[in-house]
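Subject: Structure for your files

Hello,

Here is the structure you were expecting, with the sequence alongside. Please open it before reading on.

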Amino acid sequence: MQGFGADRPLLLMGCGHMGHALAVGWLRAGLSPEHLYVVDPSATPDRLPGAKPGHFAENVDALPTNLKARVILIAVKPQVIGGVLPLLARFADEHTLVISVAAGVPIDVLEAGVGVDATYVRAMPNTPAAIGAGITGLTGCEDISAANKALARELLHAVGETVWIDRETDMNAVTAVSGSGPAYVFHLVECMAYAGAELGLDTETAMQLARQTVIGAARLMDEETEVSAGELRQRVTSPGGTTEAALKVLRRPDDGLAELMVRALSAAKIRGEALGG
């Protein structure tokens with residue numbers, strides 16, 4: 001991983017589930033431990049194997065006073081970010097890229113909170129990022145350079161795929177689709193297992209069938225990258241068969257699954273807007 005040095009390191013604020021997954025990914029991708037600083041109140045040497053001793057601190061006061069970061073990545077909860085942003089001003093300048101993965105925090109809030117004329121990017125990863133299988137939507141300030149855009153995508157690629165969103169106003173839709181999306185899939189498994197039990201299966205067997213079916217279908221879709229989800233669905237659907245009978249219910253135009261998902265995601269998007277995102 002290029003672009004960092006002892007004089008322009010990468011500073012990670014927060015090493016919870018997401019921050020830890022990112023740091024592990026960066027180190028695996030070749031980032032030198034010399035070029036990574038991590039700040040987290042629960043910092044201990046065993047929390048991030050491979051990190052350089054002295055570079056994993058409990059607070060910013062333990063960092064070098066002359067440190068100027070090439071990138072500051074903020075991975076703290078939205079509820080506490082207001083107190084964190086002003087602490088970052090002394091580590092940033094016009095050459096710094098500031099990336100936040102705090103859900104629902106707009107770019108103008110980041111800019112005002114840090115108070116430095118840096119480049120700002122907002123990112124929305126999802127929980128599968130913890131195993132390197134996530135997807136992150138990113139958006140940046142209007143004047144972001146191609147180099148900073150590429151660097152932001154490279155850093156978030158450590159935990160999965162990335163997609164660049166041109167309009168920040170679309171980030172609430174990203175959150176509704178992929179940020180909250182894993183919960184919809186988990187609930188689908190719950191609903192399939194419940195239905196199986198209603199049809200007479202014991203609860204444990206119904207859950208095992210539902211869970212592995214979703215896991216297997218996801219893996220198949222991942223393997224068949226050139227095949228659309230619609231085509232994969234059609235391959236399972238024999239004319240006049242059992243799958244077609246079920247899909248006729250799920251695909252009803254007025255109250256089918258598609259319309260239900262539109263209503264559900266719209267509710268998530270509206271809630272994101274209300275939270276200030």
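This is a predicted model: local features need pLDDT of at least 70, side-chain atom pairs count only at pLDDT 80 or more; totals for chains, interfaces and linings use all residues.

The chain has 277 residues, and 40% of them count as buried. Its C-alpha trace spans about 70 × 35 × 35 Å along the principal axes. The secondary structure amounts to 10 helices and eight strands. Taking contacts between residues at least 6 apart in sequence, 61% join residues at least 24 apart.

The eight strands form an open sheet with mixed pairing, in the order 3-2-1-4-5-6-7-8. Strand 3 (56-57) and strand 8 (160-164) are at the edges; each has a single partner strand, so one side of each has no neighbour in the sheet. Strand 1 and strand 4 run parallel and are joined by four bridges. Leu-11 has Ile-72 in strand 4 as its bridge partner.

Helix 1 lies across strand 1, strand 2 and strand 4, and runs at about 155° to strand 1. Helix 4 lies across strand 1, strand 4, strand 5, strand 6, strand 7 (134-140) and strand 8, and its angle to strand 8 is about 150°.

The cores

The largest nonpolar core contains 34 residues. Those with the most contacts inside this core are Trp-26, Leu-36, Leu-73, Ile-99, Leu-155 and Leu-156. At least two residues each come from strand 1 (10-13), helix 1 (17-28), strand 2 (36-39), strand 4 (71-74), strand 5 (97-100), strand 6 (119-124) and helix 4 (146-156). Helix 1 gives the largest share, five residues.

Beyond its neighbours within four places in sequence, Trp-26 is in contact with Met-1, Leu-10, Leu-12, Leu-31, Leu-36, Leu-73, Leu-155 and Ala-158. There is also a second, separate core of 27 residues, which includes Met-13, Ala-57, Ala-69 and Val-114.

A residue in strand 8

Thr-162 is placed in strand 8. Is Thr-162 buried or exposed? Its relative accessibility is 14%, so Thr-162 counts as buried, the cut-off being under 20%. Setting aside neighbours within four places in sequence, the contacts of Thr-162 are Ile-135, Thr-136, Leu-138, Arg-153, Leu-156 and His-157.

Two helix pairs

Helix 6 (residues 181-198) and helix 7 (residues 203-223) have axes that come within 8 Å and cross at roughly 140°. That angle makes helix 6 oblique to helix 7, and the crossing is right-handed. On the helix 6 side, the contact is made by Val-185, Val-189, Glu-190, Met-192, Ala-193, Gly-196 and Ala-197. Helix 7 contributes Ala-206, Met-207, Ala-210, Arg-211, Thr-213 and Val-214.

The other pair is helix 5 (residues 171-179) and helix 10 (residues 257-274), whose axes come within 8 Å and cross at roughly 135°. Helix 5 is therefore oblique to helix 10, and this crossing is right-handed. The contact involves Asn-172, Ala-173, Ala-176 and Val-177 from helix 5, and Leu-265, Ala-268, Lys-269, Gly-272 and Glu-273 from helix 10.

Regards

How values were computed:
Residues are numbered from 1 along each chain as its sequence is written. Side-chain values use heavy atoms; hydrogens and water are left out. A nonpolar core is a set of buried Ala, Val, Leu, Ile, Met, Phe, Trp, Tyr and Cys residues joined through side-chain atoms within 4.5 Å. Buried means under 20% relative accessible area, exposed over 50%, partly exposed in between (1.4 Å probe, protein chains only). Contact means heavy atoms within 4.5 Å. Two strands pair if DSSP finds at least two bridges between them. Axes are lines fitted to C-alpha atoms, for helices over the stretch in contact, and angles run from 0 to 180 degrees between N-to-C directions. Angles under 35 degrees count as roughly parallel, over 145 as roughly antiparallel, 65 to 115 as roughly perpendicular and the rest as oblique. A crossing is left-handed if the near helix is turned anticlockwise from the far one by less than a right angle, and right-handed if clockwise.
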